[in-house]
Amino acid sequence: MKIITSSISTALVVALLSTASMAEEATHATAIEAGHEKHWSYEGDTAPAKWAELSEKNKMCGLGKTQSPINVTTTLDVDLEAIKPAYTSASKDVVNNGHTIQVNMDKGSTIDIDGVSFSLKQFHFHSPSENHIDGKSFPLEAHFVHLDADGNIAVVALMFEEGKANESIAKIWKKMPKELHQDNELKLANIAAELLPKNRDYYRFAGSLTTPPCTEGVKWLVLKTPVTISKEQVAQFSAVMHHPNNRPIQPTDARVIVK
Ligand SMILES: [Zn+2]
């Protein structure tokens, strides 16, 4: 079923970009996600609708045809390969970059997608969720960001629904940096693995980074099973971010979503 799962859009993007420039973009994208550039935001003159105008580098935010996030809806039922994340390394630190709260990982956590090993670099949070499932928004979404050896990007998305307090989130929030660019040490073995639900069934589609430069060719795997988070824990995150940090839903266009 790999012919269906590697969508036309991903193939096109990969074909258009040389491996070298793809790797450079990915590095740049990681730097952006890490907050090294500040000239975009979620509000006012630099809000998502303006991202493409802020820099030539961000043009895909406006011109792209496979942008993220999306409303995950009409799906094609195929026999998707099971994912087995091997998130065996510990976390390193937790950073407040103004756009999100990001947990950086020590080397060694990987996931195989289509027979290619991707390594987990970091995970971070959006509130409310960026992707929707069947029109439903969630109070929080985590993005586990992976790169392969060629700089290709894969994101595993995890939804949180309101319920009992999440113990893994509690460990991270305890060290959540309140100040912009604050970086707190966070040495937690298995933290990425323990956040995931037991059921790893997922939706898959081609998309982009949800932050400038909105690079396309990103493999998106959205887990179907949410985990819980308490209302208080969501409020703690929002109080530190000071604003919602979700890009609005983008058109699905000709994309095929498989499950
Ligand atoms: Zn994200």
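This is a short talk through the fold of one chain, from the whole model down to a few residues.

First, the ground rules. Residues are numbered from 1 along each chain as its sequence is written. The model is predicted, so local features need pLDDT of at least 70, side-chain atom pairs count only at pLDDT 80 or more, and totals for chains, interfaces and linings use all residues.

How confident is the predictor? pLDDT is its confidence in each residue, from 0 to 100. The chain has a mean pLDDT of 88, with 85% of its residues at 70 or more. Over residues 1-38, though, the pLDDT is below 50. That stretch still has 60 contacts in the model beyond near neighbours in sequence. A contact here means two C-beta atoms, placed from the backbone, within 7 Å.

Now the overview. The chain holds eight helices and 14 strands. Both are DSSP runs numbered from the N terminus: helices are H or I with at least four residues, strands are E with at least two. Of 259 residues, 42% count as buried. Buried means 20 or more other C-beta atoms within 10 Å of a residue's own; exposed means 12 or fewer; partly exposed lies in between; the C-beta atoms are placed from the backbone. Take the contacts with a separation of 6 or more: 71% of them are between residues 24 or more positions apart.

Next, the strands. Two strands pair if DSSP finds at least two bridges between them. Start at β3, residues 91-96. Five bridges join β3 to β4, and the two run antiparallel. Asn-96 has Ile-101 in β4 as its bridge partner. These strands form a hairpin with four residues between them, and Gly-98 in the turn has a positive phi of about 90°. β3 also pairs with β10, residues 183-185, antiparallel over three bridges. There, Asp-93 stands opposite Glu-185.

Move on to β6, residues 116-126, which pairs with β4, residues 101-105, in the antiparallel sense over three bridges. Asn-104 is bridged to Gln-122 in β6. β5, residues 110-113, pairs with β6 too, antiparallel over four bridges. In that pairing, Thr-110 meets Ser-119. β5 and β6 make a hairpin with two residues between them, and Asp-114 in the turn has a positive phi of about 55°. Then comes β8, residues 140-147, joined to β6 by seven antiparallel bridges. Gln-122 stands opposite Val-145 in β8.

On to the core. A nonpolar core is a set of buried Ala, Val, Leu, Ile, Met, Phe, Trp, Tyr and Cys residues joined through C-beta atoms within 7 Å. The largest one has 52 residues, and Phe-144, Val-155, Val-156, Leu-158, Ala-192 and Val-222 touch the most other members. Strand β9, residues 153-162, gives the most to this core, with eight residues. In soluble globular proteins, nonpolar side chains tend to be buried together. Which residues does Ala-192 touch, not counting those up to four places away in sequence? Tyr-87, Met-105, Ser-109, Leu-120, Phe-123 and Phe-144.

Last stop, Ile-83. It sits in the loop between β2, residues 75-76, and β3. Leaving aside neighbours within four places in sequence, Ile-83 contacts Ile-111, Arg-200, Tyr-202 and Leu-221. Ile-111 is 28 residues away in sequence, and 7.3 Å away in space, C-alpha to C-alpha.

Note on methods:
pLDDT is the predictor's confidence in each residue, from 0 to 100.
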